[in-house]
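Me: I have a structure open and want to go through parts of it. Can you take my questions as they come?

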Amino acid sequence: MAQADPADRDRLIVALDVPSVDAAEAMIARLGDSVGFYKIGYQLAYAGGLPLVEKLARAGKKVFVDLKLHDIGNTVARGVESLSSLGATFLTVHAYPQTMKAAVEARGTSGPKILAVTVLTSYDDRDLVDAGYALGVRDLVEARARQAQAIGVDGLVCSPEEAGHLRSLIGPDMTLVTPGIRPAGTAAGDQKRIMTPGKAIAAGASYLVVGRPVMEAADPKQAADAIVAEIAAAK
Ligand SMILES: O=c1ccn([C@@H]2O[C@H](COP(=O)(O)O)[C@@H](O)[C@H]2O)c(=O)[nH]1
């Protein structure tokens with residue numbers, strides 16, 4: 001396959017959802033130049049993976065720290081300060097006003113861009129009712145996006161299903177990062193609001209987060225290359 005344009009390649013963020021740093025480093029070596037942007041979430045961070053953020057950054061890769069912070073404002077602010085020196089590009093918090101305000105104030109000008117998680121992509125309207133919310137997914141995502149923008153959050157994590165609507169609502173400046181990506185023929189698993197890579201880019205996603213469709217593929221490098229090719233074709 002021809003060398004991908006780095007600008008297209010870096011719109012794919014591969015979720016390093018593995019149980020150890022050794023497993024993460026083996027996958028990073030396997031993916032090689034096909035992937036330039038990685039996400040470190042609960043599983044790897046809690047298995048000693050945070051130092052990998054600095055190591056990847058030193059190797060010229062971008063890193064998204066997906067810890068979805070949510071606590072009292074003071075604790076969120078101190079957590080953001082501690083994470084700020086790692087060299088990550090993005091850091092997630094849940095889209096609650098106190099949490100978002102604390103994170104935006106604490107990240108200053110040199111910390112990671114703060115992304116607010118609107119409504120998890122594994123949730124549908126029924127799940128929100130079960131969790132005690134009166135709003136459905138579309139309305140809650142919209143309300144949280146408006147609050148995030150007013151607070152000065154840098155970007156949103158949403159499903160690609162909401163990307164088009166959010167883009168028209170919030171304008172061109174905020175970054176839209178979309179998990180819930182499923183190439184044609186791959187299993188949805190626990191994700192409920194999904195789209196193919198090409199459709200997500202066409203809908204207005206800035207970045208696509210992909211975990212299992214790459215990490216569990218028979219040939220992860222080929223799976224990543226195919227997603228980047230879809231991104232290039234859809235932009
Ligand atoms: O709403 C959200 C927020 C974060 N995620 C994370 O993205 C990846 C998706 O992995 P897949 O294997 O492609 O489903 C995973 O790390 C989640 O923690 C999300 O899915 N939805």
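Me: Phenylalanine 64 and phenylalanine 90: buried or exposed?
Reply: Both phenylalanine 64 and phenylalanine 90 are buried. Keep in mind that this is a predicted model.

Me: What about tyrosine 46, buried or exposed?
Reply: Tyrosine 46 has 64% relative accessibility, so it counts as exposed. Tyrosine 42, at 41%, counts as partly exposed.

Me: Which strands are they in?
Reply: Phenylalanine 64 lies in strand β3 and phenylalanine 90 in strand β4 (residues 90–94), so the pair ties together parts that are 26 residues apart in sequence. Phe64 and Phe90 also belong to one aromatic cluster with Phe37 and Tyr207.

Me: Which strands are joined to β2 by bridges?
Reply: Strand β1 (residues 12–15) is joined to β2 by two bridges, and the two run parallel. Valine 14 stands opposite tyrosine 38 in β2. The chain gets from β1 to β2 through helix α2 (residues 21–31), and this β-α-β crossover is right-handed. Strand β3 (residues 62–69) also runs parallel to β2, with four bridges between them. There, lysine 62 is the bridge partner of phenylalanine 37.

Me: New topic. What should helix α8 span, and how far apart are its ends?
Reply: At 1.5 Å a residue, the 15 residues of α8 (residues 137–151) should span 21 Å, and its end C-alpha atoms are 21 Å apart, which agrees.

Me: Which of its residues are buried?
Reply: In α8, the buried ones are Val137, Leu140, Val141, Glu142, Arg144, Ala145 and Ala148. The buried residues of α8 pack against several elements, including α6 (97–107) and β5 (113–117).

Me: And what follows α8?
Reply: Glycine 152 follows α8, and its phi is positive, near 100 degrees.

Technical notes:
Residues numbered from 1 in each chain as written. Predicted model: local features only at pLDDT ≥ 70, side-chain atom pairs only at ≥ 80, totals over all residues. Heavy atoms only, no water. Expected span 1.5 Å × (residues − 1). Buried < 20%, exposed > 50% of the residue type's maximum accessible area, 1.4 Å probe, protein only. Contact = heavy atoms within 4.5 Å. Pairing = 2+ DSSP bridges. Right-handed = clockwise from strand over helix to strand, strands pointing away. Phe/Tyr/Trp six-rings, centres within 6.5 Å; stacked < 30°, edge-to-face > 60°.
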